[in-house]
Amino acid sequence: MKLPPLDVQQKTFRKVTLGGIDERELRAWQDVVAAQLEELTRKINRQDEELRRREARINEFKDREQLLQQTLTTTQKVAEEMRANARKEADIILSDAELQGEKIIANAQARRMHLVGEIEELKRARASFVQQLQGLLDTHKSILDNMRGQPERAEPAAAADNVSFLAPPVTKKK
């Protein structure tokens, strides 16, 4: 039985002799009111306990949210630092690669210049050798022509064999 506040305010008791009220009815009424108050007190206590539990959960969720926010912030900072470090490392690697490339190109150009110099030297040596060989051939031809007693010819006569030039010249008799 629920006891609304209006019923408590408007409750009237039977009058008994000498202007009093019926004690049994008063006691019964007090028992009903006490039961209702006890039930309401228990209900309030349960609701207070539930409220405390929910507040504790809310606080726990707030703590978790704060921790998640901190974790997110830290993660974002770490990600930014990692990106910055990756950029720096990429720049360093790129700089090193460019430097190595420049060194390789410089070495290749130096090697090319050295080889060009060697080729030029070999060309000069060849020209000198050809000139010396031509001089030696001219000297030997001159010696041969003197040995034959013939003046130098621009082009030698065709010989029947390869050794006829070693024989003394034959004079024709008339």
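This is a predicted model: local features need pLDDT of at least 70, side-chain atom pairs count only at pLDDT 80 or more; totals for chains, interfaces and linings use all residues.
## Overall architecture

The secondary structure of the protein chain consists of 2 helices and 0 strands. Helix 1 covers residues 5-10, and a loop containing Lys11 lies between helix 1 and helix 2. Helix 2 takes in residues 23-148.

Helix 2 has 126 residues, and the distance from its first C-alpha to its last is 180 Å. This span is close to the 188 Å expected at 1.5 Å a residue. Just after helix 2 comes Gly149, which takes a positive phi of about 75°.

## Burial and accessible surface

Of the 174 residues in the protein chain, 4% are buried. The accessible surface of the chain is about 16,400 Å², and carbon and sulfur atoms account for 58% of this area.

Within helix 2, the buried residues are Glu25, Trp29, Val33, Gln36 and Asp145. Val33 has a relative accessible area of 19%. Val33 therefore counts as buried, since the cut-off is under 20%.

Lys2 and Val33 are 31 residues apart in sequence, and their C-alpha atoms are 9.5 Å apart in space. Val33 itself is placed in helix 2.

The second pair is Lys11 and Trp29, which are 18 residues apart along the chain and have C-alpha atoms separated by 9.1 Å. Leaving aside residues up to four places away in sequence, Lys11 touches Glu25 and Trp29. Both Glu25 and Trp29 are among the buried residues of helix 2. Lys11, in contrast, is partly exposed, with a relative accessible area of 32%.

Side chains of opposite charge can pair when their charged atoms come close. One of the bridges joins the side chains of Glu38 and Arg42, with an N to O distance of 2.7 Å. Glu38 and Arg42 are 4 residues apart in helix 2, so about one helical turn separates them. An α-helix has 3.6 residues a turn, so residues three or four places apart point the same way. Glu38 is partly exposed at 45% relative accessibility, and Arg42 is partly exposed at 42%.

Glu49 takes part in two of the bridges described here, one with Arg52 and one with Arg53. The Glu49 and Arg52 side chains meet at 3.1 Å, N to O. In the bridge between Glu49 and Arg53, the closest N and O atoms are 4.0 Å apart. That distance counts as a salt bridge because the cut-off is within 4 Å. Arg52 lies 3 residues from Glu49 in helix 2, about one turn of the helix. Arg53 lies 4 residues from Glu49 in helix 2, again about one turn.

## The network around Glu49

Which residues are linked with Glu49 in a network of salt bridges? The network holds Glu49, Glu50, Arg52, Arg53 and Arg54. Relative accessibility is 35% for Glu49, which counts as partly exposed. Arg52 is partly exposed at 48%, and Arg53 is partly exposed at 44%.

Phe129 is found in helix 2.

How values were computed: Residues are numbered from 1 along each chain as its sequence is written. Side-chain values use heavy atoms; hydrogens and water are left out. Buried means under 20% relative accessible area, exposed over 50%, partly exposed in between (1.4 Å probe, protein chains only). Contact means heavy atoms within 4.5 Å. Accessible areas come from the Shrake-Rupley method with a 1.4 Å probe; for residues, only the protein chains shown count as cover. The expected span of a helix is 1.5 Å times one less than its number of residues.
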